[in-house]
Amino acid sequence: SDVCSSDLVSTTEHNDADVAFASDMITHHAQALSMVDLTLKRELDPEVQALAEDIRDAQGPEIETMADWLTKWGEDVPATMRDHVNSGHDMGDMSDTMDDMGHDDMPGMMTAEEMNELEDAPDSDFQDMWLEMMVEHHEGAIEMAETEQADGQFKDAVDLAGQIIDAQKQEIETMKDLLGS
């Protein structure tokens, strides 16, 4: 998947595409982690539980990495839903938080309404709803990562974009299988 024009890639220099990728992907990943948080109180099939944990294990550290880049570049690290959740607010103000951030234009991002619907879904619907939303969310992340591969300059960011594409394509396959079963 080395589609990037490698003459542009630098181990030290970064461009606007790198900044946009890191900022947007932090926000995007944070929403995925909030979706994973919603699985904690639910009875799920073991495969779905395992997938949710995989997503957490992958995306938590990726957020840290991207936040470090932004800090190093002198850019703002976006406030995310997780910051609000972690600062002791309950999940009830999730929709307000999201509306303030105006990220509905990012590919695959769930609206506040969708997140609330997922949170309030009966157990019987929750798992399929979560899988369907996460497939859509992952597809959005892949789209963003492909843009970074095409336009990014900072080698580590372009490499991370490739890892995100590979990992999330695999997870989408898994989720589609689980939905089909």
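The chain holds three aromatic pairs by the ring-centre rule. The model is predicted, so let us also keep an eye on confidence as we work.

### Exercise 1: an aromatic cluster

Classify the ring pair Trp69 and Trp73, then work out how Trp73 and Phe154 are arranged.

**Solution.** 
- Step 1. A ring pair is described by the distance of the centres and the angle of the planes.
- Step 2. For Trp69 and Trp73, the centres are 6.2 Å apart and the planes make 25 degrees, and the pair is stacked. Planes under 30 degrees apart count as stacked.
- Step 3. The rings of Trp73 and Phe154 have centres 5.3 Å apart and planes at 90 degrees, so this pair is edge-to-face.
- Step 4. Where do the two partners sit? Trp73 is in the loop between helix 2 and helix 3 (81–86), while Phe154 is in the loop between helix 6 and helix 7, so that the pair links parts of the chain 81 residues apart.
- Step 5. Taken together, ring pairs join Trp69, Trp73 and Phe154 into a cluster.

### Exercise 2: buried or exposed?

Assign a burial class to Trp73, Phe154, His29 and Gln163.

**Solution.** 
- Step 1. The cut-offs needed are under 20% for buried and over 50% for exposed, with partly exposed in between.
- Step 2. Trp73 has a relative accessible area of 13%, so Trp73 is buried. Trp69 is buried too.
- Step 3. Phe154, at 4%, counts as buried.
- Step 4. His29, at 1%, also counts as buried.
- Step 5. Gln163 comes to 48% and therefore counts as partly exposed. This residue lies in helix 7, and its C-alpha atom is 9.9 Å from that of Ile142, 21 residues away along the chain.

### Exercise 3: helix 2 and its surroundings

Check the length of helix 2 (residues 46–72), and find which helices its buried residues pack against.

**Solution.** 
- Step 1. Helix 2 has 27 residues; at 1.5 Å a residue it should span 39 Å. The expected span takes 1.5 Å times one less than the number of residues.
- Step 2. The buried residues of helix 2 include Val48, Leu51, Ile55, Gln59, Glu62, Ile63, Met66 and Trp69. In an α-helix, residues three or four places apart point the same way, because there are 3.6 residues a turn.
- Step 3. These buried residues pack against helix 1 (16–37), helix 6 (123–151) and helix 7 (155–180).
- Step 4. After helix 2 comes Gly74, with a positive phi near 75 degrees.

### Exercise 4: the whole chain and its confidence

Describe the overall layout, then say where pLDDT stays under 50.

**Solution.** 
- Step 1. The chain has seven helices and zero strands, giving the pattern α-α-α-α-α-α-α.
- Step 2. Of the 181 residues, 47% count as buried.
- Step 3. Among contacts between residues at least 6 apart in sequence, 75% join residues at least 24 apart.
- Step 4. The accessible surface is about 9,000 Å², and carbon and sulfur atoms account for 45% of it.
- Step 5. The mean pLDDT is 88, with 82% of residues at 70 or more.
- Step 6. Residues 84–97 stay under 50, and the model has 13 contacts for them beyond four places in sequence. Where pLDDT is low, the predicted coordinates should not be read in detail.

Note on methods:
Residues are numbered from 1 along each chain as its sequence is written. This is a predicted model: local features need pLDDT of at least 70, side-chain atom pairs count only at pLDDT 80 or more; totals for chains, interfaces and linings use all residues. Side-chain values use heavy atoms; hydrogens and water are left out. Helices (H or I, at least four residues) and strands (E, at least two) are DSSP runs, numbered from the N terminus. Buried means under 20% relative accessible area, exposed over 50%, partly exposed in between (1.4 Å probe, protein chains only). Contact means heavy atoms within 4.5 Å. pLDDT is the predictor's confidence in each residue, from 0 to 100. Accessible areas come from the Shrake-Rupley method with a 1.4 Å probe; for residues, only the protein chains shown count as cover. Rings of Phe, Tyr and Trp (its six-membered ring) pair if their centres lie within 6.5 Å; planes under 30 degrees apart count as stacked, over 60 as edge-to-face and the rest as tilted.
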